[in-house]
Amino acid sequence: MKVFLGMSGGVDSAVSAYLLQQQGHEVIGVYMKNWSKNLPGMKCPWAEDLADAKRVAVKLGIDFRVFDFEKEYKQKVVDYMLEEYQKGNTPNPDIMCNQEIKFKLFADTAFEQGAEAIATGHYARTDGGALLRAKDDNKDQTYFLYRVSEGIIPKVIFPVGDMEKPAVKALAAEIGLSVAHKPESMGVCFVGDANMRDFLAEFIETKPGDIIDIDTGEKLGVHDGAIFYTLGQRHGLNIGVGLPHYVVKKDMEKNIVYVSQNLNSLRLWTNQVKLKDVILRHSDDGRHIKARIRHRAPLVDADYQDGILTFAEEQKSLTPGQSVVFYRDGICLGGGIIEA
């Protein structure tokens, strides 16, 4: 079978290429050039990643191509992220990248060029039309894949989904892949080593505002832009010693960040959350499910109905713009985006 594999320059997609080859597939490696812009003090790693992906393709003797999606990526992922931050939300651009780029634009382009299936190095599994959690629960990436179109899943292969990360790295070293010991990329897909605050500051004009104790009304300090703060955040506030303060509310119009020292504040804990843009696969009714409120968070019992997700136990720091993902018996059913 002719399989177009998204190759990021990392070890997971490199080993995926080898595994597909061993299974007898005709593998075409594809580097998606999504972002190449250097920012002050922030060098985009795309050229190094492309070179690493090419080296693996040469080592394995597979065809290699580059798909330039930079324009579409800016429109579908980066602009979306910036708009959400300006609204006071905390979006997940990796989820949008999977929905709009890797499993839509890349898939469409690959099939136009003769692909019979596509593959990536994500830690996930499929069974027919079902998206399943990976064998390595610590690396499972279905949280980031829940918005992928149900129709594409039967045409997707996740070669490392049945492996644990240490075994993937060991196999890469055993077969002599140059990326076997390459450090794992962290953070947002296109920001590289920069932190999100520095990235946002390049695109969004911000101004200082007050940090106010929501319980006493006292001004405790000054922040450098409300968009930089997330509900539940306790670090980076720089408002003195003693008990930590937590961000419990943001007023984007007045540019105020409200904080509290009360870890049991009702503003931090809730057993219900309103969701938007909900996806439910397999005509599931959303009742009596397991939910994950952030990547690597434990699965918790929940019940979804008519836009409202109710948890069996209260959850902390549910952040507007982030996603809650639904599961049942290891199957990813979909999920939704937390509303303010």
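## Exercises on a predicted model

Leu 263 is partly exposed, at a relative accessible area of 35%; partly exposed is the range between buried (under 20%) and exposed (over 50%), with a 1.4 Å probe and protein chains only. The model is predicted, so to speak of local features pLDDT must be at least 70, side-chain atom pairs count only at pLDDT 80 or more, and totals for chains, interfaces and linings use all residues. Numbering runs from 1 along each chain as its sequence is written, and side-chain values use heavy atoms, leaving out hydrogens and water.

**Exercise 1.** Find where Leu 263 is located, and which residues it touches.

*Solution.* Start with the chain: Leu 263 sits in the loop between strand 11 (256-260) and strand 12 (269-280). Strands here are DSSP runs (E, at least two residues) and helices are H or I runs of at least four, numbered from the N terminus. Next, look for contacts, meaning heavy atoms within 4.5 Å. Leaving aside residues up to four places away in sequence, Leu 263 touches Tyr 246, Leu 268, Trp 269 and Lys 316.

**Exercise 2.** Describe the lining of the second largest pocket.

*Solution.* First, the term: on a 1 Å grid over the protein atoms alone, a pocket is an open set of points with protein on both sides within 12 Å along at least five of seven lines, a cavity is a set where a 1.4 Å probe fits but cannot get out, and lining residues have an atom within 4 Å of a point. Its 25 lining residues include Leu 231, Leu 318, Pro 320, Glu 339 and Ala 340, which lie nearest the centre. Strand 12 gives the largest share, five residues. Sorting by class gives 10 nonpolar, nine polar and six charged residues; Ala, Val, Leu, Ile, Met, Phe, Trp, Tyr, Cys and Pro count as nonpolar, Asp, Glu, Lys and Arg as charged, and the others, Gly among them, as polar.

**Exercise 3.** Now do likewise for the second largest cavity.

*Solution.* Begin with the residues: Phe 103, Thr 126, Leu 131, Leu 145, Val 148, Ile 153, Val 156 and Phe 158 form the lining. Then sort them: seven are nonpolar, one is polar and none is charged.

**Exercise 4.** How much of the protein is buried?

*Solution.* Take the 340 residues of the protein: 53% count as buried. For the fold itself, count six helices and 17 strands.
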